[in-house]
Amino acid sequence: MKLNADVIFDNLPTAWNARLLGDPQKALRLRRPELFETTMREFRDDHLYILREERLPQRVHVEPRAVIVCLGPGRRTRYFSERCCVIQIPDVDFYVAFNTIQRTFDRYDAWEEALDAIIEADASIPEMLSQSGDVFGNPLSVIDAQFSFLGQWARDDASDLTTLAGLDAGTILNPEAFASYIAERDLSMDVSEPFVLDLLGTRTLNANLIDSGAYQGCLTVYRERREFRASDIQLAGYLATKLVQAIRRRSALPGSDGTSLKRILMNLVDEVPLDGKEQAMLDARDADQSFVCVRIRLSHRLSQLPIGYVCTMVESAFPGSIAFEHHRTSVVSFVNLAGLQDEHGSYHDELLRRLRPFVTSLQAKAAISDPVSNLARARLFFLQASTTLENGSLIDPDESIYEFQHYALTSMIVNALGDMPIDMLFSEGLRRLAAHDESSQTSYLSTLRMLLDHNMSVTKTARALFVHRSTLLERLSRIERILGEDLSDPDVRLRLQIVLKALTIREAL
């Protein structure tokens, strides 16, 4: 592995009282140290030279990216430090210095080899962080593009574990903590170089994981055990490139087809035709699995939360589920019902139990479709959830979770009416009842609706209207005369009930 002057300097024993002079180049380009021979006439770029001060040549060409380790009091280093980087060590044996620097290269070579071996094997990000802990001497964590923690490393002592409490692989910050995270970090996802900032109450060094211009996540080093050193910045950038390779490798490993299935579902929802490979993958999926489509919309107050973060929250709360952003306005999730069903095969109570605190914490509204086992029909169940979310939000704005079957009739009526005014469906009798209501404090339409809703039971209707039975009978007699229709005919009752239901819906909307 190639290093730079900062890495060499930061790994020297503090007792040597070394000084870093000149301009240390930040890129990791330095080769292993070499001895400067008397026949040499230049100090070349990206080369590291070790020599005693008295052997510094009088006339030599110095390239700006060369690094010289000079052993001696430093009386002759000014000329060279003005032209390249010089690490000046006052009084150390030459061979001790040479071997110490060689061991520094050995250490980072071993780190590089360990990272490459992990990437080739299973691309385990927690294992890569474990191999990197001693390099940085501070706790480490990695999040992905959906703000899910892919891994963390900390020594087993109180100070480190305090910083990373609860940040195990696959977990996410709660919405309140994440809102603070967003405010402090200011979503610096387009920064390509490592940067330092205050994050979650501590000083952090961050390196974005960027692959082909796309943000894939972030590596964070927490200042807990020691102060950041100059070399940490470039080493964090180096580790970030390895983590990008690991993320790319993970997506290619067998069994990592979640992303592919997510893309298929996104295409189905948007009515994008599947290609042959996608259709074959969908056909090969386990047909015994069942899902419900859940569509979630955030409140305006938390609308600044990245949709990817909300998707991660859903997938964390419902293992085996797939969530994705839909047109930057909401989250669509196909929630796997495996693990939610009780001994009777019912998933309903457990689904609501998990979904309710999640929706509450996000100040969101959610709609649930009927179960679907054939994901080729994903578009239809997405439409179920979407229409339920719209109708439920308008008709019952104080609720936060809406189920399709509770609003199926509403959807049928709204779809059937289209843009047609309600009064176009009124019979002459209904028009006469409506005309009566305009000049009376007693609503005959409401009374008729209540009677139909209570299956023509006079007793139940009177109780619901808080009137005496005899009073209701007199009112119903007048209603029947004005209406002029036979309420004993089930088709008449059905038509009247649909029209009155449509009237209620339009009034609510």
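**Exercise 1. Helix α3**

Task: In this predicted model, determine how the length of helix α3 compares with the span expected at 1.5 Å a residue, and describe what lies at the two ends of α3.

Solution. 
1. Helix α3 covers residues 94-121, a run of 28 residues.
2. From the first C-alpha to the last, α3 reaches 41 Å, which is close to the expected 40 Å.
3. At the start of the helix, the backbone nitrogen of Y95 has a side-chain oxygen of D93 within 3.0 Å.
4. After the helix comes A123, with a positive phi near 55°.

**Exercise 2. Salt bridges between separate elements**

Task: The structure holds 20 salt bridges. For the pairs D46 with R65, K262 with E315 and R297 with E390, state which elements are joined and how accessible the partners are.

Solution. 
1. The general principle is that side chains of opposite charge can pair when their charged atoms come close.
2. In the salt bridge of D46 with R65, the closest N and O atoms are 3.0 Å apart. D46 belongs to the loop between β3 (42-43) and β4 (48-52), and R65 to the loop between β5 (61-62) and β6 (67-71), so this pair ties together parts 19 residues apart in sequence.
3. The relative accessibility of D46 is 15%, and because buried means under 20%, D46 counts as buried. R65, at 27%, counts as partly exposed.
4. K262 and E315 form a salt bridge whose closest N and O atoms are 3.3 Å apart. K262 lies in helix α8 (residues 258-269) and E315 in helix α10 (residues 307-317), so the two ends of this contact are 53 residues apart in sequence. E315 is partly exposed, its relative accessible area being 27%.
5. For R297 and E390, the closest N and O atoms are 2.8 Å apart. This pair links distant parts of the chain, with R297 in strand β13 (residues 291-298) and E390 in helix α12 (residues 378-395), 93 residues apart.
6. Both partners are partly exposed: R297 has a relative accessible area of 28%, and E390 one of 38%.

**Exercise 3. A salt-bridge network**

Task: Identify which residues are linked with R32 in a network of salt bridges.

Solution. 
1. The network links R32 with D106 and D109.
2. Helix α3 spans residues 94-121, a range that takes in D106 and D109.
3. In an α-helix, there are 3.6 residues a turn, so residues three or four places apart point the same way.

**Exercise 4. Positive phi values**

Solution. 
1. Most residues other than glycine have a negative phi.

**Exercise 5. Surface and interior**

Task: Locate the nonpolar surface patch that includes M424, and assign Q88 and R481 to the buried or exposed class.

Solution. 
1. M420, M424 and L425 make a nonpolar surface patch of about 270 Å².
2. M424 is exposed at 55% relative accessible area, because the cut-off for exposed is over 50%.
3. Q88, in strand β7 (residues 85-89), counts as buried at 2% relative accessibility. The Q88 side chain reaches the backbone oxygen of G72 at 2.4 Å.
4. R481, in helix α17 (residues 469-483), counts as exposed at 59% relative accessibility. Its C-alpha atom is separated by 8.9 Å from that of G429, although R481 and G429 are 52 residues apart along the chain.

**Exercise 6. Cysteines**

Task: State how many disulfides the structure holds, and classify C218 and C293 by accessibility.

Solution. 
1. A disulfide is a covalent bond between the sulfur atoms of two cysteines.
2. The structure holds zero disulfides.
3. C218 is buried, with a relative accessible area of 1%, and C293 also counts as buried, at 0%.

Methods. Residues numbered from 1 in each chain as written. Predicted model: local features only at pLDDT ≥ 70, side-chain atom pairs only at ≥ 80, totals over all residues. Heavy atoms only, no water. Helix = DSSP H or I, 4+ residues; strand = E, 2+ residues; numbered from the N terminus. Expected span 1.5 Å × (residues − 1). Polar contact = N/O pair within 3.5 Å; in protein donor to acceptor, adjacent residues only side chain to side chain. Patch = residues over 30% accessible without salt bridge, like charges linked within 9 Å, V, L, I, M, F, W, Y side chains within 5 Å. Areas by Shrake-Rupley, 256 points an atom, 1.4 Å probe, with all protein chains shown as cover. Salt bridge = Lys/Arg side-chain N within 4 Å of Asp/Glu carboxyl O. Buried < 20%, exposed > 50% of the residue type's maximum accessible area, 1.4 Å probe, protein only. Disulfide = S-S within 2.5 Å.
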